[in-house]
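Dear colleague,

Please find below the structure that I am handing over to you. My notes on what was found in it follow directly after.

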Amino acid sequence: MAGFRSLAYQVRDARNDRALRRHSLRRCLERFAPYGHRATWWHLCDRHGIAPEDRGADPLRLVAALEELEDARTVWLEYERQFAERRRREKHHGLRRPEWAWSGSGDAVVRCADPGVRPEGALGEVLRRLVRALESEPGTACPVCGDTELGWPAVAPVGPWEGALAWDGPVCAGCGIVVPRPALADFPSTDAA
């Protein structure tokens with residue numbers, strides 16, 4: 001099974017045909033897809049002028065999309081490294097359970113409720129805003145776009161994350177992410193309605 005860097009190399013390798021390069025970029029999303037696989041793919045396609053189903057996409061556009069994805073991955077890996085360091089220090093001082101931890105993973109760091117509605121801007125910049133929010137106190141607005149219009153979906157989420165507490169939160173009307181409850185201070189739940 002190829003890792004992210006190996007797949008990135010295949011995207012850049014001019015000896016590979018366009019279809020393989022595109023396929024390798026899609027496989028990179030199996031290792032790191034900040035909005036979820038489909039939403040991240042659509043984001044990269046929109047930002048870099050790639051038709052989502054085009055098997056012969058322009059290699060320069062594929063590399064530009066890869067560079068955006070790599071920038072975001074670098075931001076997230078650095079955050080995870082710093083988080084792990086901080087947790088080691090906290091454990092050493094007897095704090096065994098943090099108040100909360102962002103439980104995003106390579107699958108989705110910032111899940112989008114609807115793959116067609118995503119935050120504006122480059123992935124790296126969105127994750128930088130997220131990291132700044134994670135390093136501060138919980139707030140009353142979306143940690144990504146700052147919008148205060150947050151609402152619970154009318155229907156319970158259906159999908160592989162159903163029942164996962166980390167993703168159980170309101171949807172931001174501004175950028176479409178599912179804001180985890182722990183990121184918000186005193187946000188009413190659906191139970192109160």
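Against which helices do the buried residues of helix 2 pack? In this predicted model, they pack against helix 1 (4-12), helix 3 (37-48) and helix 4 (59-92). The buried residues in question are Arg21, Arg22, Ser24, Leu25, Cys28 and Leu29. They lie on the same side of helix 2, because the arc they cover around the axis is only 155 degrees. Helix 2 itself comprises 14 residues, 18-31. From its first C-alpha to its last it reaches 21 Å, close to the 20 Å expected at 1.5 Å a residue.

Arg26 deserves a separate entry: Arg26 lies over the face of Trp41, at 4.6 Å from the ring centre.

I turn next to the aromatic residues. The count comes to two aromatic pairs. In one of them, Trp76 and Tyr79 are tilted, with 4.9 Å centre to centre and 35 degrees between the planes. These residues are three apart in helix 4, so about one helical turn separates Trp76 from Tyr79. Trp76 counts as buried because its relative accessibility is 3%, and Tyr79 is buried as well, with a relative accessible area of 7%. Tyr79 also forms a tilted aromatic pair with Phe83, at 6.2 Å centre to centre and 35 degrees between the planes. Tyr79 and Phe83 both lie in helix 4, four residues apart, which is about one turn of the helix, and both are buried.

Yours sincerely

Methods
Residues are numbered from 1 along each chain as its sequence is written. This is a predicted model: local features need pLDDT of at least 70, side-chain atom pairs count only at pLDDT 80 or more; totals for chains, interfaces and linings use all residues. Side-chain values use heavy atoms; hydrogens and water are left out. Helices (H or I, at least four residues) and strands (E, at least two) are DSSP runs, numbered from the N terminus. The expected span of a helix is 1.5 Å times one less than its number of residues. Buried means under 20% relative accessible area, exposed over 50%, partly exposed in between (1.4 Å probe, protein chains only). The arc is that of the directions from the helix axis to the C-beta atoms. Contact means heavy atoms within 4.5 Å. Rings of Phe, Tyr and Trp (its six-membered ring) pair if their centres lie within 6.5 Å; planes under 30 degrees apart count as stacked, over 60 as edge-to-face and the rest as tilted. A charge sits over a ring if NZ of Lys or CZ of Arg is within 6 Å of the ring centre and within 35 degrees of the ring normal.
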